[in-house]
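Welcome! Please take a look at the chain shown here, and then let us walk through it together.

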Amino acid sequence: MFAEEVNLAGYTTLRLGGPARRFVEATTEAELVAAVRAADGEGEPVLVLGGGSNLVVSDDGFPGTVIHIGTRGTERVGGEGDTVHVRVQAGEDWDPFVARCVSDGLAGIECLSGIPGRVGATPIQNVGAYGQDVSETIVEVRAYDREARALVTLDRDACRFTYRHSVFKGNDRYLVLDVTYALREAEESQPVAYAELAKRLGVGVGERVTLKEARDAVLELRRGKGMVLDAADPDSRSAGSFFTNPILDGGQIAELERRVAERLGPDARFPRYPESGGRVKTSAAWLIDRAGFAKGHALGPARISTKHTLALTNPGGARTADLLALAREVRGGVRAAFGIELVNEPVLVGITL
Ligand SMILES: Cc1cc2nc3c(=O)[nH]c(=O)nc-3n(C[C@H](O)[C@H](O)[C@H](O)COP(=O)(O)OP(=O)(O)OC[C@H]3O[C@@H](n4cnc5c(N)ncnc54)[C@H](O)[C@@H]3O)c2cc1C
């Protein structure tokens, strides 16, 4: 399908974004590659669109071709022992795939239940939640390389996964065509690695539960935070977490300790999760909250979710400019209070923060 002047607000979970000059719906790999090749040949900007759940698009829209990924298909392609390799086309919806794995007794992605979007986007920011991320299960990613103008296969190392990042994020070199995951045939989950989830399940960190128990508990926790798409829940009209959790080195840790003590008292401590090289990850939600932005804080028609400090929402009637103004207010408040520069997690199209 090919169309002109398609409003992108209808394709993003924030319900924001102006028109795309051209819009191509591609349902086969050949159509996908042909569409991107044609646009590249004309020097036309390209925006690859999956479920639109990690995108903030300008009110002015996109002055080029949007290619909407609609390829479907899942197949077992090998594995050994109790490990099964499953190759999934980029246009498959992520959560129905997770649900099928859980009911088929395939472990490894059960804690990633309820995340919106399509499979092809999961390697982009190394999608993760509740103690799992896709870098743990991805074996390889097949892609069209727009620089080399060739089909390429990237193994896990070549994907260069880190926290909410990969070789794919921040550039548009690769069009992801399919992703292969290594899953374990098992009735039990991977060891539960996230304290809040373990508590909800009534087990200790490191213990296992059934795949279904893990999925159900994650969905329940996510619903309580407005982190499952729900037309009846305006708090879910978001792009998920708007800011990544900052990772701090030694100097930054000492500076944050000083600022926290100054602002919140000598006994106050900020959350810290160990990272490599002596660094620690802290919680963006904690910083935002302690900088004075409570859940439900609004600036014009854009609002912090009433259930989750890290989600900026369009409960209805907002424009992208309104959401950006709120994001800048929050980022500026955290900078002033704690000297930390928050970084946006969603991909910004035609706008800067
Ligand atoms: C309510 C809610 C909760 C969320 N919770 C989480 C969470 O817990 N953890 C988490 O990590 N994320 C979360 N997210 C963010 C989002 O769901 C994920 O990042 C998801 O993987 C995005 O998929 P998508 O298909 O919607 O991508 P899109 O938003 O369509 O695209 C995102 C980026 O990926 C690129 N892209 C998409 N598909 C391809 C492809 N095939 N090839 C090349 N580039 C591509 C796009 O160009 C864009 O740059 C949440 C979002 C919402 C709305």
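Here is a short tour, from the whole chain to single residues.

## Before we start

This is a predicted model, in which local features need pLDDT of at least 70 and side-chain atom pairs count only at pLDDT 80 or more, while totals for chains, interfaces and linings use all residues. Residues are numbered from 1 along each chain as its sequence is written, and side-chain values use heavy atoms, leaving out hydrogens and water.

## The whole chain

Let us begin with the overall build. Along its principal axes, the C-alpha trace spans about 60 × 50 × 40 Å.

Buried residues make up 52% of the 353 residues. Buried means under 20% relative accessible area, exposed means over 50%, and partly exposed lies in between (1.4 Å probe, protein chains only). Among contacts (heavy atoms within 4.5 Å) with a separation of 6 or more, residues 24 or more positions apart account for 61%.

## Leucine 183

Leucine 183 lies in strand E13, which covers residues 174-185. With 1% relative accessibility, leucine 183 counts as buried. The C-alpha atoms of leucine 183 and valine 84 are separated by 5.2 Å, although the two are 99 residues apart along the chain.

Aspartate 133 sits in strand E10 (residues 132-133). Its relative accessible area is 18%, so aspartate 133 is buried. The side chain of aspartate 133 makes a polar contact of 2.5 Å with the side chain of serine 135. A polar contact is a pair of N or O atoms within 3.5 Å; within protein, one must be able to donate a hydrogen and the other to accept it, and residues adjacent in sequence count only if both atoms are side-chain atoms. Beyond four places in sequence, aspartate 133 touches Leu112, Asn126, Val127 and Gly128.

Serine 241 belongs to strand E14 (residues 238-241). Serine 241 is buried, with a relative accessible area of 16%. Not counting residues up to four places away in sequence, serine 241 touches Met227, His308, Leu310, Glu345 and Pro346.

## Two residues with a positive phi

Most residues other than glycine have a negative phi. Asparagine 126 has a positive phi of about 45° although it is not a glycine. Asparagine 126 lies in the loop between strand E8 (106-107) and strand E9 (128-129).

Arginine 160 is not a glycine either, and its phi is positive, near 45°. Its place is in the loop between helix H3 (156-159) and E13. Are these two residues buried or exposed? Asparagine 126 is buried, at 2% relative accessibility, whereas arginine 160 is exposed, with a relative accessible area of 60%.

Definitions and conventions
Helices (H or I, at least four residues) and strands (E, at least two) are DSSP runs, numbered from the N terminus.
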